[in-house]
Amino acid sequence: MEAEGLDWLLVPLHQLVSWGAAAAMVFGGVVPYVPQYRDIRRTQNADGFSTYVCLVLLVANILRILFWFGRRFESPLLWQSAIMILTMLLMLKLCTEVRVANELNARRRSFAASRWCSCGPVAMPSRRPTSC
């Protein structure tokens, strides 16, 4: 009799806990990549981040979505896969932009350094090697 009186409280509480657990399952895999994304963006250095991890997670989540068409499973896991794919694509985009920008800067510095000799700038390009 006492349990029937608390149904008005237990049913919504159970539903709220269920939704919270589903949200934690969906977004829990993305949370570790937020600080990495911010750090790479702030420092413009993606040397410590492996793009192979992104590749493995992309393949795994795509396979999970394809498996869902054959045998249905819980929808939070499907949403988790979709959000992880978007996250990995964002991480790959950022890492690619940062690495391309760093390589271009290195090439510019290399080109600028080749125009200088230890005794100063080369005034006139010539076919014979310069000795400073």
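Of the 132 residues that make up this protein, 19% count as buried, where buried means under 20% relative accessible area, exposed means over 50%, and partly exposed lies in between (1.4 Å probe, protein chains only). The model is a predicted one, so to speak of local features takes a pLDDT of at least 70, and side-chain atom pairs count only at pLDDT 80 or more, while totals for chains, interfaces and linings use all residues. Residues are numbered from 1 along each chain as its sequence is written, and side-chain values use heavy atoms, with hydrogens and water left out.

The protein has five helices and two strands. Here helices (H or I, at least four residues) and strands (E, at least two) are DSSP runs, numbered from the N terminus. Walking along the sequence gives the pattern α-α-α-α-α-β-β. As for contacts (heavy atoms within 4.5 Å), residues 24 or more positions apart account for 68% of those with a separation of 6 or more.

An unreviewed UniProt entry carries the annotation "transmembrane region" for residues 16–37, 49–71 and 77–95. Its positions are given in the numbering used here, feature names are shortened, and annotations may be inferred rather than shown by experiment. In the model, residues 16–37 are 77% helix and 0% strand, with the end C-alpha atoms 31 Å apart. Residues 77–95 come out as 100% helix and 0% strand, and there the end C-alpha atoms are 27 Å apart.

Next comes the inside. The largest nonpolar core has 16 residues, and Tyr33, Ile40, Phe49, Met88 and Met91 touch the most other members. Such a core is a set of buried Ala, Val, Leu, Ile, Met, Phe, Trp, Tyr and Cys residues joined through side-chain atoms within 4.5 Å. The elements giving two or more residues to this core are α3, α4 and α5 (75–114). Helix α5 gives the most, with eight residues.

Leaving out residues up to four places away in sequence, Ser81 touches Asn61, Arg64 and Ile65. Ile83 is also found in helix α5, and it counts as buried because its relative accessibility is 19%. Beyond its neighbours within four places in sequence, Ile83 is in contact with Val26, Phe27 and Val30.

Ala46 is in the loop between α3 (33–43) and α4 (51–70), and its relative accessibility of 1% is why Ala46 counts as buried. Not counting residues up to four places away in sequence, Ala46 touches Ile40, Cys95, Val98 and Arg99. Its C-alpha atom is separated by 9.5 Å from that of Asn102, 56 residues apart along the chain.

Leu6, Trp8, Leu9, Leu10, Leu13, Leu16 and Val17 make a nonpolar surface patch of about 710 Å². Leu6 lies in the loop between α1 (2–5) and α2 (7–27), and Leu6 is partly exposed because its relative accessible area is 38%.

Notes:
Patches are made of residues with over 30% relative accessible area and no salt bridge: like charges are joined within 9 Å, nonpolar side chains (Val, Leu, Ile, Met, Phe, Trp, Tyr) within 5 Å. Accessible areas come from the Shrake-Rupley method with a 1.4 Å probe; for residues, only the protein chains shown count as cover. A salt bridge is a side-chain nitrogen of Lys or Arg within 4 Å of a carboxyl oxygen of Asp or Glu.
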